[in-house]
Amino acid sequence: MKKTIYTLLAMLSLATGIAAQNYIYIYRNDGQFDAFRKADIDSITWSRQDADGQEQQSWQAQQVHTAGGVTRIPLSAIDHAATPQPAVGEAVDLGLSVKWASHNVGAASPEQYGEYYAWGETEEKAVYSLETYAYYNSNTGYNIYIGNNIGGTQYDVARVKWGGKWRMPTADEIKELIDKCTWKWTTYKGVKGHLVTGPNGNFIFLPAAGSHTYENFDSDGVIGYYWSGTHNPTDGCTAYDLAFYPSNKDWSYVFCEYGFSVRPVIGETIEIKVKTGEAASITANTALVSGYASGLENTQKSCDLGILYGRSEDLTASTSMYVSSGQKTDGDFSVSLTGLKENTTYYYRARLALDGVYHYGEVRSFTTKEDGPTEGEVIDLGLSVKWASHNVGAASPEQAGGYYAWGETNEKTIYNIATYAHYDSQSANFINIGNNISGTQYDVAHAKWGGAWRMPTLNEGLELINKCIWKWTQYKGVNGYMITGPNGNSIFLPVTGNPWNDNPGVDGTGGFYWAGTIVPDAERFAYGLKFGSDGKGWYQSSRVYGRTVRPVTK
């Protein structure tokens, strides 16, 4: 040692325990700095000589003596000194989720550019183009898929070259480096780049190493490009990278064949997994689709989890729609898709937006049903009673079935007062068979179907109107109403007719259905449903008309 190591080194020895550190950084007022490896320093001295070589009464400069010469720094230019940086080749703890390497792959010190690699390749080359890219399939015109995250795999140049647990950073880790660190454009050992200081005060230097495209070496000293190990799932030809300039830095995605730098990281990876689940409860216009996500339990980042869907298998922003689940934690989730077209195939996939980075599950599909009623004979609409899927005398929902006068249980050819079974021609009065014939011997639904089947009451008919959605439509070529209950199930009521005398009264425009309830104080009338394309309602109707019956049951 030449002389006593003065002020800066002495102060650092007391304040930071420099014996445990490997580097000394002396910062200038203009933001630039000089870095010295401790093993290379012979001494640090003061000098009274000014910039013109004249001796002055006060100290003028700090001189760092190394085997390579003397670095003379005017005291007026010095801001401070620090020693937070570990030795070259070691992991730098910036106070983030992973530790960052002190230099690039292929470099020996922080300021060196190192080597350039296409994404997923582990060797340099002379030309960086699509034709020379190892994972380009010229027959298909697309890149060969090698994974959503190649960090730590055979395609990771950091793992291949450095071994151990070193790997390429993920897109999330690059985003963390941008968001949680202080970035300052500076010059280190004559090389331009960004000094990146972590929340704990430690820092790394990222040189603006430029890039290799085709055979050209571009933008060194101006831009830095660094690969992540994260593939862009929306575009099989690109992967995420870090790009920075003197006044800006950001992450984006670029073509995989470009030659970029790699700055490794080391640390446990919380793997993000997104899976697309089953589609269920599929109707003509709705479906319930599910998904699964994991790896979110420790994140504090912006998170949006949901389903992307559309009628094209290529689910891009222009061809698809998105429904958020509102969930931000690990586990299963589901969303309801509405407003779908009937008898149509839809493609869907789970999507996670995590702090601006998108993760996707596999693409799956389902086909909506034809706009028809719920299958089965007993349909639960979510009301006080269950409704039959078809009329008395019919075999399917679209058939009208049989026509019956109110309180009669057989069809006939002529429907009038003379043929009505419950009319007394001698007294010219209607015979009282009850205020509500539902479930009695006069109920055609109960007589024909047995069990608990019966005609609906007026209140049950009103419930069908007031609590359900009625849609005028055509089912299997027949006009009528598709009626959807509160629980999403539906029945179809076809247009029927209104026989009177020997006229069937069928014109394809109206539906007429009996309730089991008589009109109070008007024994010749009972309540019946009447509907058309312009509306529906329960009205009083002469008991002698022939009308259809849609049964109900508990």
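**Reading the chain, from fold to side chains**

Author: Gladly! The chain has 5 helices and 39 strands. Keep in mind that this is a predicted model.

Reader: How do I read the overall dimensions, and what radius of gyration does the chain have?

Author: Set the value beside the one for a compact globule. With 554 residues, such a globule would have a radius of gyration near 24 Å, whereas this chain has 41 Å. The box along the principal axes tells you about the extent too: the C-alpha atoms fill roughly 145 × 55 × 35 Å.

Reader: What share of the residues counts as buried?

Author: Of the 554 residues, 49% are buried. As for the surface, the chain exposes about 25500 Å², and 46% of that comes from carbon and sulfur atoms.

Reader: Now the aromatic rings. What describes a pair of them?

Author: The distance of the centres and the angle of the planes describe a pair of aromatic rings. This structure holds 29 aromatic pairs. Take Y116 and F217: their ring centres are 5.5 Å apart and their planes stand at 70°, so the pair is edge-to-face; the cut-off for that label is over 60 degrees.

Reader: Where do Y116 and F217 lie in the chain?

Author: Y116 is in the loop between β8 (99-101) and β9 (136-137), while F217 belongs to strand β16 (residues 216-218), so the pair ties together parts 101 residues apart in sequence. Y116 is buried at 4% relative accessibility, and F217, at 36%, is partly exposed. Elsewhere, Y225, W227, F255, Y258 and F260 form one aromatic cluster.

Reader: Let's turn to the backbone. Which phi value does N343 have?

Author: Phi of N343 is near 50°, a positive value in a residue other than glycine. N343 sits in the loop between β25 (331-337) and β26 (345-354). A428 is not a glycine either, yet has a positive phi of about 60°; this residue is in the loop between β31 (423-424) and β32 (429-430).

Reader: Is N343 buried or exposed, and what about A428?

Author: The cut-off for exposed is over 50% relative accessible area. N343 has 57% relative accessibility, so it counts as exposed. A428, with 45%, is partly exposed.

Note on methods. Residues are numbered from 1 along each chain as its sequence is written. This is a predicted model: local features need pLDDT of at least 70, side-chain atom pairs count only at pLDDT 80 or more; totals for chains, interfaces and linings use all residues. Side-chain values use heavy atoms; hydrogens and water are left out. Helices (H or I, at least four residues) and strands (E, at least two) are DSSP runs, numbered from the N terminus. The radius of gyration is taken over C-alpha atoms; the globule rule is 2.2 Å times the number of residues to the power 0.38. Buried means under 20% relative accessible area, exposed over 50%, partly exposed in between (1.4 Å probe, protein chains only). Accessible areas come from the Shrake-Rupley method with a 1.4 Å probe; for residues, only the protein chains shown count as cover. Rings of Phe, Tyr and Trp (its six-membered ring) pair if their centres lie within 6.5 Å; planes under 30 degrees apart count as stacked, over 60 as edge-to-face and the rest as tilted.
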